[in-house]
2 protein chains.
Amino acid sequence: MHSFSKAVVVILATLSSADAFVSPTYQRNAFSSLASTATDFDLNAYIVEKNGPITKALQESIVSLEPQTAKICESMLYSLMAGGKRIRPVLCLAACEMFAGSDEKAMPSAVAVEMIHTMSLIHDDLPSMDNDDLRRGKPTNHVVYGEEVAILAGDALLSDSFKFVAENTKGVDPERVLDVVVRLGKSVGPKGLAGGQAMDLECEGKPVDEVSLDDLRWIHTHKTAALLQVSVAAGAIIGGATPEEVEACEKYALNIGLAFQVADDILDITQSSEELGKTAGKDLEADKATYPRLLGLDGAREEAQRLIAESKKALEPFGDRAIPLLALADYIINRKN
Amino acid sequence: MHSFSKAVVVILATLSSADAFVSPTYQRNAFSSLASTATDFDLNAYIVEKNGPITKALQESIVSLEPQTAKICESMLYSLMAGGKRIRPVLCLAACEMFAGSDEKAMPSAVAVEMIHTMSLIHDDLPSMDNDDLRRGKPTNHVVYGEEVAILAGDALLSDSFKFVAENTKGVDPERVLDVVVRLGKSVGPKGLAGGQAMDLECEGKPVDEVSLDDLRWIHTHKTAALLQVSVAAGAIIGGATPEEVEACEKYALNIGLAFQVADDILDITQSSEELGKTAGKDLEADKATYPRLLGLDGAREEAQRLIAESKKALEPFGDRAIPLLALADYIINRKN
């Protein structure tokens, strides 16, 4: 494998740079030494390492240069910098690294998916939606800045996400950047976050026994998995993946997205508000359809394991290069908040 | 001039297509016959002619293919198809036609700016913002669908606008499409609609004599003019304009944007709710800073005239080809609603 990779480097180095990005194999060798084997891979160290540049890029992504924009920019940054594990940007960078051997070119996409995620949290927390006062242990955006500024800060984060990718992605075929823009757009629209949240709110209004497992799966596919899918797909596309490779990454992300939500439902009933950093037990109180409710707690845990196994299977073609993404899949169902 | 244009066609036809778009002069001849002179130009017929394909493209831009997305798509279409004069798409198509002799390639951008405009209307009408129940003579989106669906429909329209441009613009250098995406993003963020609306709401909370003409101008530059600027700039960019030509178009649009708002302030105090299709006299009732209040009614009318003269001056280099845009500038201050 090692010497095969070297041979590929030699062969592909003779192609023009325009041709080379289509088949990114020639750079894979650089990364395989980092990943080595699953057993000695330290995911925590990996996440910490990625989070340094991610935090810096997020902080620098919004700058108010005049007094008139101070308040809206402050509100945008308040939620964008509220912490969290930055799972979506980490997935994006890891996917890029898997194909390109470096994550550098995917940073604008990583910032964009975190901006979109933050927008969805701000809008979902609003009084007319989930009416949440607490998020990541801090007062929610509308509690601090007022409902009107919170709505506008969400709008601004959403539009800035597209601007950020289109403006700052360098050294990548512009057709690939446009592909990322299209996928980001889909991940928010009727077949993404907004559609998933609308259906979720609609189901909340129904008696719990009228909500089926299919409804729940539809909601989570669009409300949670769609953004994880574009996070991984954007990284792969920027990293030079082929359409088939992007599809494999999307399958991985769909399944970790569904598993993520099953795990969230489990945490809601097994953890305290303090452990979660947000209000616990809300689903039960709201008499909401959840996986534990529909499948039982053990059934929900089995479903999460099944989904994680599915997600890992999708990455088999990438061998050891997939170790960070595989470790992230395990992390998603083993997390405590 | 006629034979000069023909010569340019012959010379430029020999260039590769990648080079040709940089200098769009070769296609101008096709359009100059349509524009002829200002005196016999029928703006109403022009707007009606453009509105046919615009309405069709808007209607087709949102299709719900499954029952789960029916409600959010219906809510998006309710506001998108609520009529209005489609000034922004018309400006976009007219700008493209001025450079390319045809408006066809700019239709996805025209749809995008109308989606963004519609999003801003839905969100601005919300109870926590302007709290409007009536828009274009119909109940506002949140009155019909509820506040939560209205917020999500706005989010979905905003993200769909970027997707629509990136996915459907054909036969144009992808770098130009990315440029349009960047400008669309800017037109909504802190230095666009969202920033303008946030500052507007902040000023509404102040005593009216603490709001200066500079504040008002800042608000309208970002809340109104920014989207008109990107409407014209996107058409120009897709139509093959040079950076200097795009800049001239933006200057035109900035000034019609400011004039548009001065005219709006004047209409608010001179027209009835019935004539406007929305609640009249709201500015006075809200004790809001407006141009007529700061400059007097005559002063405001003079300011509108001055701005329209400025906007027309910016189009001088384009001669007769600018006739539709010049007529649109006049229309903006002479309209009755």
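Helices are DSSP runs (H or I, at least four residues) and strands are DSSP runs (E, at least two), both numbered from the N terminus.

**Ground rules.** I noted that this is a predicted model, in which local features need pLDDT of at least 70, side-chain atom pairs count only at pLDDT 80 or more, and totals for chains, interfaces and linings use all residues. Residues are numbered from 1 along each chain as its sequence is written, chains are lettered from A and ligands numbered from 1 in the order in which they are written, and side-chain values use heavy atoms, with hydrogens and water left out.

**Chain A overall.** I found 17 helices and two strands in chain A. Of its 337 residues, 58% count as buried (under 20% relative accessible area; exposed is over 50%, partly exposed in between, with a 1.4 Å probe and protein chains only). I then looked at contacts (heavy atoms within 4.5 Å). Among those in chain A between residues at least 6 apart in sequence, 74% join residues at least 24 apart.

**Helix α7 of chain A.** I checked the length of α7(A), residues 107–124. The expected span is 1.5 Å times one less than the number of residues; for these 18 residues that gives 26 Å, and the end C-alpha atoms are 26 Å apart, which agrees. The helix is mostly covered, with 18 of its 18 residues buried.

Back to Ser109(A): its relative accessible area is 1%, so I logged it as buried. Setting aside neighbours within four places in sequence, I listed its contacts as Cys92(A), Val165(A), Val180(A), Ala234(A) and Ile238(A).

**α7 against α12, chain B.** I turned to chain B for packing. Axes are lines fitted to C-alpha atoms, for helices over the stretch in contact, and angles run from 0 to 180 degrees between N-to-C directions. Helices α7(B) (107–124) and α12(B) (213–238) pack at about 170°, with axes 9 Å apart. They are therefore roughly antiparallel (over 145 degrees; under 35 is roughly parallel, 65 to 115 roughly perpendicular, the rest oblique). The crossing is right-handed (the near helix is turned clockwise from the far one by less than a right angle; anticlockwise is left-handed).

From α7(B), I listed Ser109(B), Val113(B), Ile116(B), His117(B) and Asp124(B); they meet Lys223(B), Leu227(B), Val230(B), Ser231(B), Ala234(B) and Ile238(B) of α12(B). The residues of this contact divide into six nonpolar, three polar and two charged (Ala, Val, Leu, Ile, Met, Phe, Trp, Tyr, Cys and Pro are nonpolar; Asp, Glu, Lys and Arg charged; the others, Gly among them, polar).

**α9 against α10, chain B.** The axes of α9(B) (147–168) and α10(B) (174–188) come within 9 Å and cross at roughly 165°. I logged this pair, too, as roughly antiparallel, with a right-handed crossing. Leu158(B), Phe162(B), Val165(B) and Ala166(B) of α9(B) meet Val177(B), Val180(B), Val181(B), Leu184(B), Gly185(B) and Val188(B) of α10(B). That contact has nine nonpolar residues, one polar and no charged.

**Backbone check, chain A.** Most residues other than glycine have a negative phi. I noted Arg86(A), with a positive phi near 55°, in the loop between α5 (70–80) and α6 (87–100). At 4% relative accessibility, Arg86(A) counts as buried. I also noted Arg136(A), with a positive phi near 50°, in the loop between β1 (134–135) and β2 (138–139). Arg136(A) is partly exposed, at 26%.
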